[in-house]
Amino acid sequence: MAEDEVVLRLGRDEALVLFEWLYRTDETTNDFADLVEDQAEQRTLWNLTCLLERELAEPFSPQYAELVEQARSRLRDEGL
């Protein structure tokens with residue numbers, strides 16, 4: 001690992017739920033434009049979306065929506 005890199009570990013459910021949120025938010029806000037103060041933030045969110053997309057097969061599955069819901073269900077706090 002290069003000294004200028006940060007490595008994060010996510011569970012598959014966390015990665016899938018985060019990818020779905022990033023993708024949906026990007027679509028809803030017109031390229032994150034409504035959420036960022038600086039274009040560097042927008043670029044970082046795009047890069048994170050691409051990194052997740054590279055690691056996940058689920059976004060290409062016909063059962064994608066169901067897989068996301070299952071991941072959300074497993075991650076929710078009990079009673080919420």
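**Close-up 1. Contacts of alanine 15.** Alanine 15 touches Leu10, Leu52 and Leu56, leaving aside residues up to four places away in sequence. Contact here means heavy atoms within 4.5 Å. The model is predicted: local features need pLDDT of at least 70, side-chain atom pairs count only at pLDDT 80 or more, and totals for chains, interfaces and linings use all residues. Residues are numbered from 1 along each chain as its sequence is written, and side-chain values use heavy atoms, with hydrogens and water left out.

Close-up 2. Buried means under 20% relative accessible area, exposed over 50%, and partly exposed in between (1.4 Å probe, protein chains only). Helices (H or I, at least four residues) and strands (E, at least two) are DSSP runs, numbered from the N terminus.

**Close-up 3. H1 against H2.** H1 and helix H2 (residues 39-55) pack at about 135°, with axes 10 Å apart. Axes are lines fitted to C-alpha atoms, for helices over the stretch in contact, and angles run from 0 to 180 degrees between N-to-C directions. The two helices are therefore oblique to each other. Angles under 35 degrees count as roughly parallel, over 145 as roughly antiparallel, 65 to 115 as roughly perpendicular and the rest as oblique. On the H1 side, the contact includes Ala15, Phe19 and Leu22; on the H2 side, Leu45, Trp46 and Leu52 are among the partners. The contact residues divide into 8 nonpolar, 1 polar and 4 charged. Ala, Val, Leu, Ile, Met, Phe, Trp, Tyr, Cys and Pro count as nonpolar, Asp, Glu, Lys and Arg as charged, and the others, Gly among them, as polar.

**Close-up 4. H1 against H3.** H1 and H3 pack at about 120°, with axes 9 Å apart. H1 and H3 are therefore oblique to each other. Leu16, Val17 and Phe19 are among the H1 residues in the contact, and Tyr64, Val68 and Ala71 among those of H3. The contact has 8 nonpolar, no polar and 6 charged residues.

Close-up 5. Most residues other than glycine have a negative phi. Asparagine 30 has a positive phi, near 60°. Phenylalanine 32 has one of about 65°. At 56% relative accessibility, asparagine 30 is exposed. Phenylalanine 32, at 0%, is buried.
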